[in-house]
Amino acid sequence: MPIPESRLPSGRKRLLVAVAGLGMLAYLGAAIATDHAALERALLQLGWSGAALVLGLSLFNYVLRFQRWHLYLRELGHRIGWTHHLLVYLAGFMFTVSPAKAGEALRGVYLREHGVPYADTFAALFVERLLDFIAYSLLATLIVLGHADYRPFLLVAFLVAFTLLGLCGHPAIPPWLDRTATGRSSPWLSGLLQLGARLLRSSRRLLQPRLLLPGLAIGLVSWGAEGIGFHLICQGLALDVPPMTATSIYAIAGLAGAAAFFMPGGIGGMELVMVALLTTLGAPASVAIVATLICRVATLWFAVVVGFIAAALLEFLSLRPAPRSAP
């Protein structure tokens, strides 16, 4: 079955936008209903400058990860204008609340108009997810310095990450997928296997050491910035959570969100783990819930808002009439 090369149908796009909007309203409502006094105290403590710094750290995360994405597409032979490509990348965040964040593959619909095959977009997305998973695992080890009970969990995370890394880099798997696809009675299955082979070949190019190490470093710095933002939120709630501990809690919660891949944006998994870890450190449950909700608004739902704006700009630019040539 060929993969459609048109834009996402407007009806489906409106449905996903509505779901994202309702989810954000539910989050804000839950934050207010949980402990209005604690929420107000946290925002007053943060102040405009603190809130701007937290959101600025999130933006720093997005832009830094875009630089890695831009590098990957260039490595795969695609040259796209920096500004337009940034809008395409950010527009993918509009569907971050899809299961396993699969909606971010929307970028492939926009990039297809620039001649980028879906296999290359999916490869870049897959490698990005894999390196983020490894970065989460490395950042999560910071908590082991004071809490050895978490070592088995982190060992499992590393085992999964490096097993996937080894499988993606194995040269025998793409030819095996091609051979398996040959002679299949189902055109859909054959096409899917061939797409998987192309995806793995592209992924191998992006997992070369000269790209692997910088890509992992970007993941560590970008997600570490989100962890520092979580630390600032905890400070606003008068929670004594050091920067390294806050970063590690955020990373462990991110791993839990990745494990709950069937949930939109890891919703539920991340929140439960963040609240549990904060209460383990002595935070009152109500305050831990407020800190978690504010953090998710400043990261997940802020990303969705940024994605809305970027997608709207892309739609506006696509509707502009092309400039007329001089007579």
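Author: This is a predicted model. A place to begin is the surface, where Val156, Val160, Leu164 and Leu167 form a nonpolar patch with about 320 Å² of accessible area together.

Reader: Which helix is leucine 167 in?

Author: Leucine 167 sits in helix α6, residues 151–169.

Reader: And is leucine 167 buried, exposed or partly exposed?

Author: Leucine 167 counts as partly exposed, because its relative accessibility is 45%. The range for that class lies between 20% and 50%.

Reader: OK, now the inside. How many residues does the largest nonpolar core have?

Author: The largest nonpolar core has 89 residues. Those with the most contacts inside it are Leu90, Phe230, Leu239, Ile249, Met274 and Leu278. Helix α12, residues 285–319, gives the most to this core, with 13 residues.

Reader: What does leucine 278 touch?

Author: Leaving out residues up to four places away in sequence, leucine 278 touches Phe230, Cys234, Val241, Ile249, Ala283, Ala288, Ala291 and Thr292.

Reader: New topic. How many salt bridges are there in the whole structure?

Author: A search of the whole structure finds 7. One of them joins the side chains of glutamate 75 and arginine 210, at 2.8 Å from N to O. Glutamate 75 is in helix α2 (residues 36–75) and arginine 210 in helix α9 (residues 209–236), so the pair ties together parts that are 135 residues apart in sequence.

Reader: Is glutamate 75 buried or exposed?

Author: Buried, because its relative accessibility is 18%, and the class covers values under 20%.

Reader: What about arginine 296, what does it pair with?

Author: Arginine 296 forms a salt bridge with glutamate 271, with the closest N and O atoms 3.0 Å apart. Arginine 296 lies in helix α12 and glutamate 271 in helix α11 (residues 269–280), so this pair links parts that are 25 residues apart in sequence. Arginine 296 and glutamate 271 are both buried.

Reader: Which residues are linked in a network of salt bridges?

Author: Arg68, Arg107, Glu128, Arg129 and Asp132 are.

Definitions and conventions:
Residues are numbered from 1 along each chain as its sequence is written. This is a predicted model: local features need pLDDT of at least 70, side-chain atom pairs count only at pLDDT 80 or more; totals for chains, interfaces and linings use all residues. Side-chain values use heavy atoms; hydrogens and water are left out. Patches are made of residues with over 30% relative accessible area and no salt bridge: like charges are joined within 9 Å, nonpolar side chains (Val, Leu, Ile, Met, Phe, Trp, Tyr) within 5 Å. Accessible areas come from the Shrake-Rupley method with a 1.4 Å probe; for residues, only the protein chains shown count as cover. A salt bridge is a side-chain nitrogen of Lys or Arg within 4 Å of a carboxyl oxygen of Asp or Glu. Helices (H or I, at least four residues) and strands (E, at least two) are DSSP runs, numbered from the N terminus. Buried means under 20% relative accessible area, exposed over 50%, partly exposed in between (1.4 Å probe, protein chains only). A nonpolar core is a set of buried Ala, Val, Leu, Ile, Met, Phe, Trp, Tyr and Cys residues joined through side-chain atoms within 4.5 Å. Contact means heavy atoms within 4.5 Å.
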